[in-house]
Amino acid sequence: MVNSVTNLGRSGVYDWLIQRVTAYVLALYTIFLLGFLLTSDVNYDTWNALFNQTWFRIFTLMALLSIGAHAWVGLWTVTTDYIKAMGPRFVVQAACGLTMFVYVVWGIQILWGL
């Protein structure tokens, strides 16, 4: 078992579980959005009305956090598999983590209008 400070779940089982749960959240969000786009006359007013509902903002926040967690576990796995030297791997993981953090914070600002 790989013990690393940079993995999210601290073990392979937790990382696997994070991947599966976040995948379900993202799948439900995608299916809902596709259904909304196919069954509604989408214009600014309907889109604005959808995003002004608190339940949808929370659902979008769940999807945003799920993208961050899902991407982190996936990128951590890829970098630990393919970048063997600890220094370069740490730099790549730090860059990925910082990028995901910025995107999540930026998404929250856009979503909640902060």
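Visitor: In which helix does Y82 lie?
Guide: This is a predicted model, in which local features need pLDDT of at least 70, side-chain atom pairs count only at pLDDT 80 or more, and totals for chains, interfaces and linings use all residues. Residues are numbered from 1 along each chain as its sequence is written, and side-chain values use heavy atoms, with hydrogens and water left out. Helices are DSSP runs of H or I with at least four residues, and strands are runs of E with at least two, numbered from the N terminus. On that basis Y82 belongs to residues 54-82, which form helix α3.

Visitor: Is Y82 buried or exposed?
Guide: With a 1.4 Å probe and protein chains only, buried means under 20% relative accessible area, exposed over 50%, and partly exposed in between. Because the relative accessible area of Y82 is 68%, the residue counts as exposed.

Visitor: At what angle do α3 and helix α4 pack?
Guide: Axes are lines fitted to C-alpha atoms, for helices over the stretch in contact, and angles run from 0 to 180 degrees between N-to-C directions. Helix α4 covers residues 86-112, and its axis and that of α3 are 10 Å apart. The angle between α3 and α4 is about 175 degrees.

Visitor: How is α3 oriented relative to α4, roughly parallel or roughly antiparallel?
Guide: Angles under 35 degrees count as roughly parallel, over 145 as roughly antiparallel, 65 to 115 as roughly perpendicular and the rest as oblique. The angle therefore makes α3 and α4 roughly antiparallel.

Visitor: How many helices are in the protein chain?
Guide: From the N terminus on, its elements run α-α-α-α. The protein chain has zero strands, and its helices number four.
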